[in-house]
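Trainee: Please take one part of this model and go through it closely. I would like to know how it is built and how it sits against the rest.

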Amino acid sequence: MPKDSGIGASSKRREDVRFLTGAGNYTDDINVNGQAYVHFLRSDIAHGTINKIDTSAAAAMPGVIKIFTAEDFAAVGGVPCGWQVTDKHGNPMQEPKHPVLAEGKVRYVGEMIAGVVAETAEQARDAAEAIELDIAELPAVVDMKAAVQDGAPKVHDDLPSNLCYDWGFVEENKGAVDEAIANAAHVTTLELVNNRLVANPMEPRVAIGDFARGTGDSTLYTTSQNPHVIRLLMGAFVLGIPEHKLRVIAPDVGGGFGTKIFHYAEEAFVTFAAKAINRAVKWTSSRSEAFISDAHGRDHVTKIDLALDADNNFTAIRTETYANMGAYLSTFAPSVPTWLHGTLMAGNYKTPVIYVNVKAVFTNTVPVDAYRGAGRPEATYQLERLIDKAARELGVDPIALRRQNFVTEFPYETPVAVAYDTGDYNATMDTLEQIADLSGFEARLAESKAKGKLRGLGVNCYIEACGIAPSNLVGQLGARAGLYESATVRVNATGGLVVMTGSHSHGQGHETAFPQVIAEMIGIDESMVEIVHGDTANTPMGMGTYGSRSLAVGGSAMVRATEKIINKTKKIAAHLLEAAEADIELKDGQFSVAGTDKSVAWGDVTLAAYVPHNYPLEDIEPGLEETAFYDPSNFTYPAGAYACEVEVDPDTGKVTIERFSAADDFGNVVNPMIVSGQVHGGIAQGVGQALLEGVVYDENGQLLSASYMDYAMPRADDLPFYAVDHSNGTPCTHNPLGVKGCGEAGAIGSPPAVVNAVVDALQRNGSNVTHIDMPLSPSRVWDAMNS
Amino acid sequence: MYAFEFEKPATIADAVAALGGEEAQALGGGQTLIPTLKQRLAQPGTLVSLKGIPEMAGICVADDGALAVGGATTHATVAASTEYPGLAGLASHIGDPAVRNRGTIGGSLANNDPAACYPAAALGSGATIKTNTREIAADDYFQGMFTTALEDGEIITEVRFPVPEVSNYQKFVQPASRFALVGVFVAKYADGVRVAVTGASEDGVFRWSEAEAALSANFAPEAIEGLSVDADGMIGDIHGSKAYRAHLVGVMTKRAVAAAS
Amino acid sequence: MAQVSMTVNGAVKSGEVEGRTLLSTFLREGLGMTGTHVGCDTSQCGACAVHVDGKLVKACTMLAMEADGAEVATIEGQANADGSLNTIQQAFQDHHGLQCGFCTPGMVMSAAALLKENPTPSETEIREHLEGNICRCTGYHNIVKAIMAASGQDVTAIAAE
């Protein structure tokens, strides 16, 4: 029987009520008394020298309050990068300054040149059009391999080249890998593109800066996944505002998917401008603006080799990847193709030696950073496409080849510096074969054939690393932040609890799932627990929500804080029951003395803590409020197996997803309904990447896929119902909940399944197509079939 | 959007008068024009809504049997009509349900987007575009991408469609915009078959005369086997090459013939 | 500036607008009804969907002055008179048909329009109807399921998939 409350229950989401009735409170719903509006003049040139910005005519336009250019920001810092990668020679990466407003040069279409603050948004836009700009256009670099050729135009004149870093991992293994490949019985090689994407949360970004003259306090309302990170980066590195004078509020946020992790120049602008004009300043991005200002995702070009011995055991993997950074380093950009990508190249397989090379490159394009999965989808896609190709070359069953090479004993130390604690890859594959009804494939193939359609089946595995940690290790790897999480648990006198978490919910359902954990621990109703998040003024310093970390790291902090609460309440209960603390048991909201019928209710104990008349004041303080910071000892390693069946229309190349199945190991599951929903959404984004989505720049750096008219978002009729299962949880061994994280799995695991399925469909029809780069649009598939 | 005045006249005469004003522009359902204004790609002084003119809305069968569709009739209304199934089928797949509740046939034909659906129906049916001043044969009306025979201030008041024996429209959508990457309208009349293609050509909607001749002789998909349109002159973009579009013209034509009813 | 007046969720509302004021802007900024969201500027995402004179429309692609005198229904007026969730809203909660909630008002308004015309739509009909409503969170699975459930159809088999 499914549980109806606590851990493991599909509790309905309490936050839904406000979202379903139009009572959500998103940043654009907030209006500060007297606010002005900013419109940003953005570059429509990818690369050029700014000769002149004349704002005089614009400043005289109706409603204009002030126009800001780079000169106004001369005294403040640039937008910082939060991760410093060290290259294969031991040198730090090239790190150009990232100004709030363009200084001297523009480096991508969309870069902010000026901010016009006016009484209304339309007036600000009217005036922005009246700014006279003289920009001398320079040749742009868009293609990564061209960008690192000698003589290529330089994105940053003060850097030696467009190479941000050349990273080798593990550099000491390179010789062994080359040797293993040279001596292999079979080597499979694949060159592929991991297509550039735009995250596209449905809520465009919004930022409102406010300044209180009376106190000198600044407040930023922003669409962020991590308000504390924004406060730290913007306060300490850009504007020089101490954290106690800066409050960052991220209220209801309409999806993030990574692109709302980063600190953006617009946030610094509105905070700075509000103080300068002594009025709140609001910026609301349009969707068109989002396409040229939100950090993009993916954009890798990779060559990968897999060596196998005569028995088809994997013996080595070697990759060479070009990773696009765009024109500037976004907050976590350098970490994505390195530590979030190279460390996952072992996948689910026991390959003795692996070497990963990554060349990060500056181009005249929008900055690129983490997008759902961030590095792990790129690793998974390469590896799982490659294994599929190897199986076809060797004439063996792709599932059998995977099973033969699975890691089966845990813990397992990979040759790429991580240690998998638990997993059962055969179990998820067994489940996948069942829920995907693989035994029925031949019959469905025949049905498709009768309709004149080509059917194909694609299967793949994935592993990811979530809850990136511990802080001291990631510090050695270049992180300029800690990666712990925090929680303060406040118990009120009458027994209700408020949990103030550094995690942030922007769709993940924290407000429902977190109380399930506490309710289970104490034995009270979930409705007695309230979650507070998204405001630096009333939550402890936390790192926010990304990398599938909220429950594994934030939830663990909450458990630790609650354990402190329980320990203290047991002391109080022992006093009230006149018993030894060691004999006190807490169950179903009652403290009882073991072996007796003496008990006291949760609410009586919490009341005693705040009305300490009968209370051991000499031993413990009154009140019930505890904070915990949790820093994990390792990543968590969710894993799974995915299957996709497609039909290809041979006349048009159009691919339709007929079935999609996902068997995941997320460890323990708190709310299965929410977990399934996360997988569904991830699959849709992965299918979107595989079939529909792709950023296209022309050779001059103009964005051709600049709106939903040309960037294809997955819609309801592009997708089927999915079959998902997460019954094979092998609990994480190093966090108190045994959870692993589920937010990114779908997006990581699904693209190779789709592409494998399309290649399968074509090859079953006699085609010799071995690979098509994503997105597998009808025209690309048709071109491949007819080339 | 740039600032503009808004007027909503109740008669064609008042609309014509309003459109005579400086920088005045007609507003049909606005489903293309309003997004265009948001991008500040147009700067009208006055928008004259044609949505408040009762004589321009609705559908009826004319004395000669043709279907007369008022210029301000929404796609949803046409989609729900029964007299001309091929036309209703086409209208039922324009945009999405909300767009169909606002967008109008007159607005679509006046804009003549090269990837819009209605131009294929009008050209493929040999329709007559009636305006406040004259009647224009569809063959004379479409003059290339976003270009028509309409004069400034001229309003499409009605579109008259001769109803064919059988017809069908097949749209292969551009994956992002869901406009036609290639759309083919086929209509079989007693005196011959018309085939109109939208989405594909750099010159906008066009008639595929070779296919018309072949299908007039034998109205069957196999009749156009071996025929092809020249890839030169087709649109090539990030969603498909010229050759791909040329290929799709043949595929969609065959499918439209097979599905015609 | 001009005066517009319309009935919004049963109450007469009026205000000053420019010619270029969108219906979505009037609702959000003029009337403070921020449940209607704006997620794109090309009339595709559908987060702004409302009903005007009983028809589903995109409030970001209609001028406020075009709605002068009209009956407008928004997400704020969808709950039952006692404040409880209506059938569609309840089905979205029951079947986890929303995550971040941003597209949700448009989805609910779109679903309501569909069920008014087609009380028991098939899965395919629902998916086609939602062409103008983009969701980035749910992968649509639970939205489609919720709409089927709201129409009284048995969705237990979908749960088992």
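Mentor: Two residues are in contact here if their C-beta atoms, placed from the backbone, lie within 7 Å. The model is predicted.

Start with the overall form of chain B. It has 10 helices and 12 strands. Its C-alpha atoms fill a box of roughly 55 × 45 × 30 Å along the principal axes. A compact globule of 261 residues would have a radius of gyration near 18 Å, and chain B, at 18 Å, agrees with that. Of its 261 residues, 58% count as buried. Among the contacts in chain B with a separation of 6 or more, 61% are between residues 24 or more positions apart.

Chain B is assigned two stretches, domain 1 (5–161) and domain 2 (166–259). The centres of domain 1 of chain B and domain 2 of chain B, taken over C-alpha atoms, are separated by 23 Å. Where they meet, domain 1 of chain B puts in 19 residues and domain 2 of chain B puts in 23 residues. On the domain 1 side, helix 4 (85–91) and helix 7 (118–124) of chain B each supply at least two residues. Helix 7 of chain B gives the most to that side, with five residues. By class, the domain 1 side divides into 11 nonpolar, eight polar and no charged residues.

Strand 1 of chain B and strand 3 (residues 46–49) of chain B run parallel and are joined by three bridges. In that pairing, Glu5(B) stands opposite Thr46(B) of strand 3 of chain B.

Next comes the contact of chain B with chain C. Chain C and chain B each bring 21 residues to it. On the chain C side, strand 4 (residues 55–58) of chain C has the largest share, four residues. The classes on that side are seven nonpolar, seven polar and seven charged residues.

Chain C also has a residue worth a separate look. Arg28(C) is found in helix 1 (residues 23–30) of chain C. Arg28(C) counts as buried because 23 other C-beta atoms lie within 10 Å, and the cut-off for buried is 20 or more. Leaving aside neighbours within four places in sequence, Arg28(C) is in contact with Met33(C), Thr34(C) and Thr36(C). The C-alpha atoms of Arg28(C) and Val38(C), 10 residues apart along the chain, are separated by 9.6 Å.

Chain C touches chain A as well. In that interface 44 residues of chain A are in contact with 45 residues of chain C. On the chain A side, the elements that give two or more residues are helix 1 (16–20), helix 8 (287–293), helix 17 (672–692) and strand 30 (722–725) of chain A. Helix 17 of chain A gives the most to that side, with seven residues. The chain A side divides into 21 nonpolar, 14 polar and nine charged residues.

Chain A itself is divided into domain 1 (16–22 + 484–630), domain 2 (31–138 + 202–255 + 260–293) and domain 3 (296–469 + 634–785). The C-alpha centres of domain 2 of chain A and domain 3 of chain A lie 35 Å apart. There, 22 residues of domain 2 of chain A are in contact with 24 residues of domain 3 of chain A. The domain 2 side of that contact has 12 nonpolar, seven polar and three charged residues.

Finally, consider strand 13 (residues 281–284) of chain A, which runs parallel to strand 1 (residues 36–42) of chain A and is joined to it by two bridges. Within this pairing, Val281(A) is the bridge partner of Ala36(A). Strand 10 (residues 206–212) of chain A runs antiparallel to strand 13 of chain A, with four bridges between them. Here Ile208(A) stands opposite Lys282(A).

How values were computed: Residues are numbered from 1 along each chain as its sequence is written. Chains are lettered from A and ligands numbered from 1 in the order in which they are written. This is a predicted model: local features need pLDDT of at least 70, side-chain atom pairs count only at pLDDT 80 or more; totals for chains, interfaces and linings use all residues. Domain bounds come from an automatic or database domain assignment. Ala, Val, Leu, Ile, Met, Phe, Trp, Tyr, Cys and Pro count as nonpolar, Asp, Glu, Lys and Arg as charged, and the others, Gly among them, as polar. Two strands pair if DSSP finds at least two bridges between them. The radius of gyration is taken over C-alpha atoms; the globule rule is 2.2 Å times the number of residues to the power 0.38. A residue is buried if 20 or more other C-beta atoms lie within 10 Å of its own, exposed if 12 or fewer, and partly exposed in between; C-beta atoms are placed from the backbone.
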